[in-house]
Amino acid sequence: MNESRTMKDMQQEVDRYISQFKEGYFPPMEMLARLTEELGELSREVQHVYGTKKKKPGEAEKSLEEETGDLFFVLLCFANANGIDLDRALAGVMEKFNRRDSGRWTKIGEES
């Protein structure tokens with residue numbers, strides 16, 4: 001699975017996976033709760049790695065990569081279930097950031 005995949009490929013892969021089950025996608029509010037849960041788990045791992053609150057003895061090891069993957073999977077499910085094209089969504093937000101924040105930050109190589 002080291003080949004390059006597009007966002008569309010990833011959305012289709014998740015859809016193929018979910019479509020094999022009668023239950024299909026969870027309702028929007030349940031998926032939002034799942035997104036929140038996964039974000040909380042990622043936050044906990046960030047705290048363990050970079051913060052002052054370290055893991056308890058015997059607490060399961062998880063990685064930032066694993067937790068980010070879980071969050072991304074649920075985000076892909078949410079997008080699919082709501083007919084959101086993530087390529088288009090990201091293109092729109094990048095255009096907005098490039099327009100709105102073009103002079104906000106110091107670019108590498110520019111004097112401040």
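Modeller: Let us take a pocket, which is an open set of points on a 1 Å grid over the protein atoms alone, where a 1.4 Å probe fits and protein lies on both sides within 12 Å along at least five of seven lines; its lining residues have an atom within 4 Å of a point. This is a predicted model, in which local features need pLDDT of at least 70 and side-chain atom pairs pLDDT 80 or more, while totals for chains, interfaces and linings use all residues. Residues are numbered from 1 along each chain as its sequence is written, and side-chain values use heavy atoms, without hydrogens or water.

The largest pocket has a volume of about 170 Å³, counted as the space filled by probe spheres set on grid points joined across faces, edges and corners. I18, F21, E23, G24, Y25, F26, M31, R34, F73, V74 and C77 line this pocket. By type, 8 of these lining residues are nonpolar, 1 is polar and 2 are charged. Here Ala, Val, Leu, Ile, Met, Phe, Trp, Tyr, Cys and Pro are nonpolar, Asp, Glu, Lys and Arg charged, and the others, Gly among them, polar.

Which helices supply at least two lining residues each? They are helix 2 (28-50) and helix 3 (64-81). Helices are DSSP runs of H or I with at least four residues, numbered from the N terminus. Helix 3 gives the most, with 3 residues.

M7, M10, Q11, V14 and I18 of helix 1 are buried (under 20% relative accessible area, with exposed over 50% and partly exposed in between, for a 1.4 Å probe and protein chains only). These residues sit on the same side of helix 1, because they cover an arc of only 100° around the axis, taken from the directions from the axis to the C-beta atoms. K8, R16 and S19 are exposed on the other side of helix 1.

The buried residues of helix 1 pack against helix 3 and helix 4 (86-100). Take Q11, which lies in helix 1. Q11 counts as buried because its relative accessibility is 10%. Leaving out residues up to four places away in sequence, Q11 touches L76, A79, N80, I84, D85, L86 and D87, where contact means heavy atoms within 4.5 Å.
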